[in-house]
There are 2 protein chains.
Amino acid sequence: MVQPCVIALDVMGGDHGSKVVVPAALRFLADNPHVTLILVGNAEQIDAHLGDASRERIRIRPTTQEVAMDESPSKALRGKKDSSMRVAIDLVKEGEAGACVSAGNTGALMATARFVLKTLPNIDRPAICTAVPSMHGHTHMLDLGANVDCTAEHLFQFAVMGSELISAVEGVARPKVALLNIGQEEIKGNEQVKQAHELLARSGLNYIGYVEGNGIFLEDVDLVVSDGFVGNVALKCSEGIAKFIGQSLSAQFRRTWFTRLAGLAALPILKSFRRTMDPRRYNGASLLGLRGIVVKSHGGADELAFENAIYIAEKEIRANIPQRIGEQVGRHLGVEPQRETA
Amino acid sequence: MVQPCVIALDVMGGDHGSKVVVPAALRFLADNPHVTLILVGNAEQIDAHLGDASRERIRIRPTTQEVAMDESPSKALRGKKDSSMRVAIDLVKEGEAGACVSAGNTGALMATARFVLKTLPNIDRPAICTAVPSMHGHTHMLDLGANVDCTAEHLFQFAVMGSELISAVEGVARPKVALLNIGQEEIKGNEQVKQAHELLARSGLNYIGYVEGNGIFLEDVDLVVSDGFVGNVALKCSEGIAKFIGQSLSAQFRRTWFTRLAGLAALPILKSFRRTMDPRRYNGASLLGLRGIVVKSHGGADELAFENAIYIAEKEIRANIPQRIGEQVGRHLGVEPQRETA
C-alpha cells in the first residue's frame with residue numbers, strides 16, 4: 001500500500017512559471033493518485049492555468065512575491081519572505097510537504113533552502129546532484145555548482161551523500177563511486193582530489209578510483225564526484241556538445257532533397273534516438289545534505305521535464321533521503337548515527 | 001614562394017609508434033614539397049615502415065630509447081636522454097628542426113620540452129592548447145592539463161598566448177577571448193577566475209567575458225581560457241559524450257532490418273556528419289609558452305590524425321609562433337618586447 005505524500009511546487013520559478021508548472025502538476029497527478037500537490041504562487045495565475053481541470057489533491061498556497069532568475073541569493077533570502085520559492089521551502093520545514101520542487105534560480109534556491117532547512121549534522125556543505133545519460137544507462141554527478149572550492153573532506157561527504165541517494169532511490173546496493181580527475185600520471189589531480197582519493201580508498205564506499213571526463217559517459221560508474229566548478233563545467237559541456245551534435249545532424253539531413261528523403265526514412269530512428277538522449281527525462285537535480293528534500297528543475301523546463309522533477313521529489317520522499325544520508329554520513333565519519341527528521 | 005622547413009617527428013611515441021607515424025609522414029610529404037621531415041626513433045622499424053617509398057625529404061635520426069605512455073615525466077627526463085621524444089625536442093633546441101611532433105605521453109613531453117627549450121620570458125608556465133569543433137566552426141581551448149592550479153596571472157598569460165596563436169595561424173585579427181566559468185550569479189567563479197576577469201577586462205585583448213561549458217560549443221568565441229584541470233575535464237567530457245552519442249546512434253540504426261534499411265539510406269548523411277565532427281581533423285595540441293614549437297598528437301592517433309598534427313606544426317613554424325607570443329606577452333604585460341628565436 002503506497003503511503004500518501006505531499007509535494008510543494010514553486011509555481012512562479014523558472015523561465016515559464018505557472019504556464020509550465022501547473023500543467024506539469026496536472027499531468028503528474030493524473031498518474032499518481034497517492035500524491036497531493038501544493039501549488040505555491042500567484043493565486044490568480046494558478047487559477048487561470050488550472051481552468052476546468054479537477055482540483056482533487058491540489059492545494060493552492062497564494063504568495064505575493066517572486067524570485068527573479070537573475071536575483072542575487074542574498075537579496076532573495078533577505079527581501080522575499082513571501083516568494084513562492086521561500087514559501088515552498090517553508091512548507092517542507094513545517095512538515096506540511098515532504099519535498100518541494102522549484103525551477104527558480106539555483107543560487108537563491110540553495111541559499112534559501114540552506115537557511116530555512118539547515119544542513120544535516122556532519123555535513124559542511126549541501127551539494128547538487130543529478131543524473132546524466134551514459135553508455136551504461138545513466139551516471140549521477142555531484143557537485144554541480146553549489147561549491148566552487150572544496151576540500152578533500154567536502155568531496156568525501158559528497159561521495160557519501162550521492163552514494164546513499166543512488167542506493168536508496170535506485171536500489172543499487174553498493175553504487176560504484178569515482179572521483180573526477182585528469183589523466184596525466186605525475187601531475188594527476190590537485191591536492192584536494194588526491195587527498196579525497198585517500199579518504200575514499202579507506203572508506204566503506206564502493207570506491208573504484210579516478211575517472212576522466214569521458215568516463216562519466218563511457219565507464220561503468222554510478223556516481224562521479226567533483227567540486228562544483230568542475231562538475232558544472234562538465235555538465236554544461238556535455239549539454240553544449242549534445243545540442244551542437246543534434247543541430248549539426250539536423251542540418252545535414254536538411255541539405256538537399258535527397259538528404260531530406262533519407263532523413264524521412266531515418267525519422268523513426270532519429271526520434272527514438274532523441275528520446276533516449278532527451279535531457280527532459282533527466283530533469284531534476286537534488287539538493288543533498290539538507291534536513292529536507294529540495295529538487296531543482298532546469299529553469300527552461302517544459303511540462304514533461306518539470307513533471308520528471310516532481311517524480312524525483314516523490315522518490316526521495318519515499319526513500320526518506322535526508323534521514324538516510326544523515327545516518328550514512330555519521331556512519332562513514334565514524335560518529336554515532338543521529339536520527340534526523342526531514 | 002614558400003620557404004622550406006624541417007619538422008622532427010617522435011616516431012616511437014603514442015599507442016602505435018612507427019606503424020602510424022611513418023605512413024603519416026609519407027602522406028604529409030606527398031602534399032607538402034617544401035617540408036623535410038626528420039624521423040626520430042628505432043632505425044630498423046623506420047626502415048621497415050618506409051619500405052620502397054621515396055625517401056626524398058626524409059632524414060632518419062636513430063635513437064635507442066623510448067618513453068613509455070605511462071612513464072613518469074621525471075623518470076623520462078632523467079633517464080631517457082636518447083629517447084625519440086627527447087631527441088626530437090633536442091633537434092628543435094639545436095635549430096635543426098623548426099618544430100617537433102610527438103604522440104608520446106603528455107606529462108613527459110611537457111616536462112622534457114620545458115627542460116630543454118625553456119619557457120619564454122614573462123611566461124610562468126607553458127600551457128596546452130587545441131581546437132574543438134563548434135557551432136561557429138571551431139573554438140580553441142587552453143590550458144588542457146599542463147597546469148592543475150593556476151593563478152589569475154597564469155590565466156591571463158594563457159589568454160595572451162592563445163589569442164596570439166589564433167591570430168597568427170588563422171589570420172583572425174582580434175580573436176574573441178572568453179574565460180570559462182559557471183553560471184550562478186553570486187557564487188560565480190572562484191577567486192582566480194574573478195581576478196583573471198579583471199585583468200582581461202583591462203587588457204588590450206578582445207575579451208568578451210565569461211562563458212559556461214556549453215558556450216565552448218555554442219557561442220561565437222575563438223578562445224576559451226581555463227586552468228588545466230577544468231580544461232582537461234571539459235575536453236574529455238566532450239570527447240566522451242560525442243563518442244557515446246555516435247555509438248548510441250549507430251546502435252539505433254542496427255536494431256531491426258527496417259532500421260538497417262533506413263540507415264543505409266541515411267548513410268551518406270551520417271558519413272558527411274562524421275567527417276564534420278571527426279576528432280582526427282582536430283588532432284594536434286600546441287605546447288605554448290616555450291622557446292620552440294612542440295605539437296602533441298593524441299596517443300591513439302591514426303595516420304590521418306597524426307598527419308593533421310604535422311600540419312599544425314608547419315603552420316606554427318610559418319607563423320613564427322614562439323617569437324610572436326614572446327613579443328605579445330611583453331606588450332600585454334607592459335614590458336619591453338624581447339626578440340626570441342625559436
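**Close-up 1. Strand E5 of chain A, a mostly covered strand.** In this predicted model, E5(A) runs over residues 127–134, and eight of its eight residues are buried (under 20% relative accessible area with a 1.4 Å probe, protein chains only; exposed is over 50%, partly exposed in between). Strands (E, at least two residues) are DSSP runs, numbered from the N terminus. In a regular strand, side chains alternate between the two faces of the sheet. Here one side has Ala127(A), Cys129(A), Ala131(A) and Pro133(A), the other has Ile128(A), Thr130(A), Val132(A) and Ser134(A), and all are buried.

**Close-up 2. The partners of E5(A).** Strands count as paired if DSSP finds at least two bridges between them. E5(A) pairs with E6(A), residues 137–142, antiparallel over six bridges, and a hairpin links the two through two residues. Look for Ala131(A) opposite His140(A). E10(A), residues 285–288, also pairs antiparallel with E5(A), over three bridges, with Ile128(A) opposite Leu287(A).

**Close-up 3. The largest nonpolar core.** A nonpolar core is a set of buried Ala, Val, Leu, Ile, Met, Phe, Trp, Tyr and Cys residues joined through side-chain atoms within 4.5 Å. This one has 170 residues, and Ile216 and Val225 of chains A and B have the most contacts inside it. Beyond neighbours within four places in sequence, Val225(B) is in contact (heavy atoms within 4.5 Å) with residues including Leu142(B), Phe158(B) and Leu180(B). Another core, of 31 residues, lies apart from the largest one and includes Met12(A) and Ala313(A).

**Notes.** Residues are numbered from 1 along each chain as its sequence is written, and chains are lettered from A and ligands numbered from 1 in the order in which they are written. Local features need pLDDT of at least 70 and side-chain atom pairs 80 or more, while totals for chains, interfaces and linings use all residues; side-chain values use heavy atoms, leaving out hydrogens and water.

How values were computed:
Helices (H or I, at least four residues) and strands (E, at least two) are DSSP runs, numbered from the N terminus.
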